[in-house]
Amino acid sequence: ILMTETSQRESSNLSSFSAFISKLVSSGATWGSKCPSTHDVDDVDDVDGIPPSPFVRTLSGVKYGDESTKQSLDLYYPEDYASRHLGVRDETKDGTDKRDDGSEHPSQLPVFIHIHGGGWSRGDKNNRFYGVPSVCRTMASAGCLSIAVGYRLGEYPRFVEDACLGIRWIYDNVSKLGGDKQNMFLAGHSAGGHIASLIMVRHETFLQQPHSIPPDFLRGMILLSGMYDLFEPMKKAPIDVKNKWYKLAYVWPAFGTDAQLLLKNSPLLLLDPDAKNGLETDSSKRNSKLVDSVVGSPTLSKQNSPLLHKTKSIRRSRSSLKKMVGKIKEKGAVGKSNEDETYGDCNVAITDNSDIKHKECKTRKVVESDDGDVKNKNCSDGGNDISSIAVNTALPPTLIMNASYDMGLELNGELMCKAMSKYTEVEHVRIPSTNHASISWNEDAAVAMKTFIKSKMFRLDEEESSLKM
């Protein structure tokens, strides 16, 4: 990972680092003991002869908000960096300021921000099952300042607002923490992958207007086993139990049942309203004529074409997004009348050269409920009105990863990759021998993330920079 070796910069920043960290500690943050990195560093290839750090130090409970204890951050530092810059000395060393291999310590670290998963209603940044400690320790051992973002669970939009508030705090204070503002990366696992992608696709709404964060503040984004469609993200089967369970257990309790609200928070459908999950059937082929009436396609002017001009935002009007939602609701009368939530089969070819085999999508019907326990929420991002949504197309380079056994989310990742490829550099990777949880502590996944960050970093001077992996 990039480290800019400049003695003047280092000496001027050292006192401010220590002073700011001391202020955080006095406000309730606590240093943890030295912990080993997640993976055996001997299995990671050296870069430029500088080995990774075998240990990390964690500063936990850094507050970014006052409404909940969930509004806090955990900071993961390479142990040798903490010893050098932050006054956290390793009792096993002699107090020198060099690594074990004799190399100098860096002054600023690349920043890796990670949002945990848990279906928006459970999970915690301290729970290994939800991936954060393993991912953050791994990236810290590689030379990053890894930051885990906690957020309030439950109803939308507070978990999105908290994630954005945490990112704003990091953005404002990153230099004081020893981070490099020119090398910031955002990551998320599962529901955290949804949150990370959503706040970048709707950057103007969530980050620019409320927090004045520019759209180009990231060097890259990493999405692990995320869901990008709040309607049907899992690969469909003849009896579509997975998507029914997903909506009942996770989506409706967090977002409610309003179709417009679900659409405006589905980053995949905002980028490509024609994207559909499903299983191709004979019935779908017979009803392929329903495609255009089920899902409206956005109309991009020649000026806004991603092939001619990379716009910062697209305004989707009632003729696209709102028309799409209205017809989703109306199509309930066209299809089969049964207890299924979906009606009417349709088929669409994604691309001629695509290796995606499952191309069918049933017409979506969102069940409306008068039950007071399931709220159709009017949110701070404009309520349920989708008459004008700013869709950010100045997206950062992105790595999308799925587990080999990922509950059917693999296709959703492929579709998100295809949708984002119109606007940015994006890669989709399947990690072998992993499931939805274990991808967070898998060694192959760790190597893929490190390689991606190394390749996307901003370098002021190649001759004065050192890479650490």
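Contact, as the word is used in these legends, means that heavy atoms lie within 4.5 Å. This is a predicted model, in which local features need pLDDT of at least 70 and side-chain atom pairs count only at pLDDT 80 or more, whereas totals for chains, interfaces and linings use all residues. Residues are numbered from 1 along each chain as its sequence is written, and side-chain values use heavy atoms, with hydrogens and water left out.

View 1. Helices (H or I, at least four residues) and strands (E, at least two) are DSSP runs, numbered from the N terminus. Among contacts between residues at least 6 apart in sequence, 75% join residues at least 24 apart. Of the 469 residues in the chain, 59% are buried, where buried means under 20% relative accessible area, exposed over 50% and partly exposed in between (1.4 Å probe, protein chains only).

**View 2. Strand 6 pairs with strand 7 and with strand 8.** Two strands pair if DSSP finds at least two bridges between them. Strand 6 (residues 109-115), of which 7 of 7 residues are buried, runs parallel to strand 8 (residues 179-189) and is joined to it by 6 bridges, with Gly 188 as the bridge partner of Ile 115. Strand 7 (residues 145-149) also runs parallel to strand 6, through 5 bridges, and here Ile 113 stands opposite Ile 147. From strand 6 the chain crosses through helix 3 (residues 132-141) to strand 7 in a right-handed β-α-β crossover; right-handed means that, with the strands pointing away from the viewer, the path from the first strand over the helix to the second runs clockwise.

**View 3. Helix 3 is largely enclosed by the rest of the structure, because 9 of its 10 residues are buried.** Among these buried residues are Val 132, Pro 133, Cys 136 and Met 139. Their cover includes strand 4 (55-63), strand 5 (72-78), strand 6, strand 7 and helix 14 (443-456). Gly 143, which follows helix 3, has a positive phi, near 115°.

**View 4. Trp 120 and Leu 177 touch the most other members of the largest nonpolar core, which has 82 residues.** Such a core is a set of buried Ala, Val, Leu, Ile, Met, Phe, Trp, Tyr and Cys residues joined through side-chain atoms within 4.5 Å. Helix 4 (residues 158-173) supplies the largest share of this core, 8 residues. Leaving aside its neighbours within four places in sequence, Leu 177 is in contact with residues including Phe 20, Leu 75, Ile 147 and Trp 169. A second, separate core of 19 residues includes Cys 144, Ala 187, Ile 222 and Ala 445.
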